[in-house]
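Here's a quick briefing to read alongside the model.

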Amino acid sequence: MTRLRAEDLTLAYDQRTVVEGLGVTIPDGSFTVIVGPNACGKSTLLKALARMLKPTTGAVYLDSEVITTYRSKEVARRLGLLPQTSIAPGGITVGELVARGRYPHQRLLKQWSEQDELVVTEAMRLTNVLDLADRMLDELSGGQRQRVWLAMVLAQETAILLLDEPTTFLDIAHQIEVLDLCADLHEERGHTLVAVLHDLNQACRYATHLIAMKPGEGIVAQGDPSEIVTAELVEEVFGLPCRVVPDPETGTPLIVPLKRQRVSVGVAAG
Amino acid sequence: MSAPVKIRGRVVRTGGVSFRVHDRAVVVCLALLAAVVGIGLVTMTTGDFELTVSDVVKSLVGQGDGASDFIVLTLRLPRLLTGILVGAALAVSGGILQSLSGNPLASPDIIGFTQGAATGAILVIVLVDGSMVQIGAGALVGGVATAVVVYLLAFKQGVQGFRLILIGIGISFIMLSLNKYLVTRASLTDAIAVQAWQVGGLNGRGWEHVQVVGAAVAVLLPLALHFGRRLALMEMGDATAKGLGVNAERTRLALIAISVGLAAVATAAAGPVSFLALAAPQLSRRLTGSAGAGLFAAALMGALLLTAGDLAVQRLFSPAQLPVGIATGALGGLYLIWLLAHEWRRGIAR
């Protein structure tokens with residue numbers, strides 16, 4: 001029994017089919033990371049899992065029911081999404097933004113209960129943004145802002161979190177900060193995380209379950225990164241000749257591209 | 001467990017009811033309300049025939065004399081109420097569109113809804129010489145039809161703000177030409193009636209206008225406020241709003257329908273009052289300084305701007321009866337120039 005899975009998914013933008021006949025199961029309690037080269041459909045798959053994209057065929061199942069049969073707010077109480085880009089509303093404070101994450105739990109006359117306050121406080125503590133509560137969102141740095149958006153999604157109190165390239169616009173230190181936070185959420189709070197990541201080494205380091213996708217073929221491998229990530233797989237999926245060595249820090253697979261092959265080109269000197 | 005976080009605003013909790021209010025927004029709303037009441041009092045008491053506040057109150061409760069009853073109940077009150085209702089309707093209509101498109105330029109008079117409503121109303125005036133209710137219905141049909149065309153043309157995997165505005169501007173000019181053409185085909189009396197109506201004004205507005213706009217506002221304003229929270233979430237982008245449990249497509253359609261309805265009926269009653277829908281929500285937003293669509297404050301600001309504008313044209317240019325649309329147009333034009341220059345610097349008007 002897993003809470004989130006998809007069967008026979010065909011996903012397309014307008015007429016262009018991106019993935020076809022794809023089935024996937026997200027293990028409960030896993031930190032699942034989807035990787036693959038550009039245009040392999042990894043973000044598209046995540047969008048479908050988050051019911052942002054309507055499949056041409058097949059369906060996404062949440063708790064054994066087709067996800068589209070639930071009311072929008074009901075899904076939002078079970079599954080949270082951090083999209084690739086969100087628009088920061090003008091004139092909003094950090095606290096107000098995180099509080100918006102409580103929307104699926106609120107009703108017309110009950111818009112700010114003590115429970116809401118507690119959950120928002122906890123979400124802000126976990127993401128280390130409590131001190132920023134009264135700051136305006138547009139004054140923050142990129143890394144701080146991403147933690148605030150994450151806090152908003154956490155305030156939804158969902159067991160499942162979907163993160164679409166959560167590190168894209170961040171520098172390396174902030175990337176690690178956000179990923180460490182995700183790992184904490186996974187390990188200490190038992191969230192099921194599904195993230196799309198670009199960096200294969202980061203994916204191997206943080207994922208407990210890795211899904212590798214290839215354009216036109218869908219999922220080519222999935223499982224524990226230590227078991228499935230090999231030089232052959234990386235070459236097959238990304239077309240990158242490489243060596244895979246143990247990460248000196250964590251022991252997880254580390255992809256090291258082969259050094260440039262000197263191609264002798266007949267260039268006349270001078 | 002850490003102490004509960006303090007979030008800007010005042011927490012109100014009684015029984016099963018709980019919410020957060022932003023002090024400054026409350027103060028601004030109260031101030032706007034007081035200003036509307038003040039303008040209302042001045043409008044009711046001053047003019048060619050001066051009345052005291054007690055004369056006005058007596059007439060309102062049915063104990064006035066014949067002359068002041070006529071002035072208060074037949075001349076000044078319906079005009080004032082039409083102004084309040086039309087101003088509120090236009091401001092909310094504009095506030096919704098600006099919030100949905102994430103662009104301060106979006107407003108029903110810029111993206112063609114108002115001109116489309118005018119076409120519907122002109123057709124009713126010219127073809128059937130219709131009553132106020134029929135003109136209102138014509139404006140509604142014209143506004144909705146135009147909105148559908150704009151929406152469909154702007155639709156490309158959802159409706160994106162700037163595309164909506166550019167297509168709306170195009171449609172707006174087509175409707176404007178159509179309106180001009182209709183006037184040339186009309187009889188002289190109809191043409192004069194249309195022309196007077198087209199500038200936008202509150203001259204000679206009676207209870208039939210109050211009834212039509214009042215009914216529309218009574219239904220659509222609460223609906224708009226109800227959708228206001230969802231609208232605030234939609235400002236963060238469709239994906240984020242959907243993630244939080246907002247059905248983005250359905251909410252957008254409902255809000256556009258509300259916006260068109262309000263703009264069309266307001267236009268039917270007072271003609272195409274320019275720039276009010278554009279400026280009022282922006283001004284109230286700057287005053288309250290709070291996030292979210294702030295439709296209630298926008299409604300009050302719209303009511304204030306239109307009634308104040310109407311009072312100004314009545315008194316400053318008396319005895320000439322200048323339509324309030326000329327005043328809002330002149331002021332709004334200046335505001336638009338400032339807004340464009342400002343947005344350009346911030347690099348938003350892309």
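**Helix α11 of chain B**

In α11(B), the buried residues are B:L276, B:A277, B:L278, B:A279, B:A280, B:P281, B:Q282, B:S284, B:R285 and B:T288. "Buried" here means 20 or more other C-beta atoms within 10 Å of a residue's own, "exposed" means 12 or fewer, and "partly exposed" is in between, with C-beta atoms placed from the backbone. Keep in mind that this is a predicted model, where local features need pLDDT of at least 70 and side-chain atom pairs count only at pLDDT 80 or more, while totals for chains, interfaces and linings use all residues. Residues are numbered from 1 along each chain as its sequence is written, and chains are lettered from A and ligands numbered from 1 in the order in which they are written.

- That makes α11(B) a mostly covered helix, with ten of its 13 residues buried.
- Helices (H or I, at least four residues) and strands (E, at least two) are DSSP runs, numbered from the N terminus.
- From first C-alpha to last, α11(B) reaches 18 Å, close to the 18 Å expected at 1.5 Å a residue; the expected span is 1.5 Å times one less than the number of residues.

**How α11(B) meets α12(B)**

- The axes of α11(B) and α12(B) (residues 295–316) come within 8 Å and cross at roughly 120°. Axes are lines fitted to C-alpha atoms, for helices over the stretch in contact, and angles run from 0 to 180 degrees between N-to-C directions.
- The two helices are therefore oblique to each other: under 35 degrees would count as roughly parallel, over 145 as roughly antiparallel, 65 to 115 as roughly perpendicular, and the rest is oblique.
- On the α11(B) side, the contact uses B:L276, B:A280, B:P281, B:L283, B:S284 and B:T288, and α12(B) brings B:A297, B:A298, B:M301, B:G302, B:L305 and B:L306. Two residues are in contact if their C-beta atoms, placed from the backbone, lie within 7 Å.
- Those contact residues divide into nine nonpolar, three polar and no charged; Ala, Val, Leu, Ile, Met, Phe, Trp, Tyr, Cys and Pro count as nonpolar, Asp, Glu, Lys and Arg as charged, and the others, Gly among them, as polar.

- B:V273 sits in the loop between α10 (248–270) and α11 (276–288) of chain B.
- B:V273 is buried because 34 other C-beta atoms lie within 10 Å.
- The C-alpha atoms of B:V273 and B:G201 are separated by 7.2 Å, though the two are 72 residues apart along the chain.

**Helix α6(B)**

- The 25 residues of α6(B) (161–185) should span 36 Å at 1.5 Å a residue, and the end C-alpha atoms are 36 Å apart, which agrees.
- Buried in α6(B) are B:L164, B:I165, B:I167, B:G168, B:I171, B:S172, B:M175 and B:N179.
- These buried residues pack against α3 (66–101), α4 (113–128) and α5 (132–154) of chain B.

**Where the chains touch**

- On chain B, 28 residues are in contact with 39 residues of chain A.
- The elements giving two or more residues to the chain B side are β2 (17–21) and α9 (238–243).
- That side divides into twelve nonpolar, eleven polar and five charged residues.

**Positive phi in chain A**

- A:D63 is not a glycine, yet has a positive phi of about 50°.
- A:D63 is partly exposed, with 14 other C-beta atoms within 10 Å.
- A:E157, also a residue other than glycine, has a positive phi near 55°.
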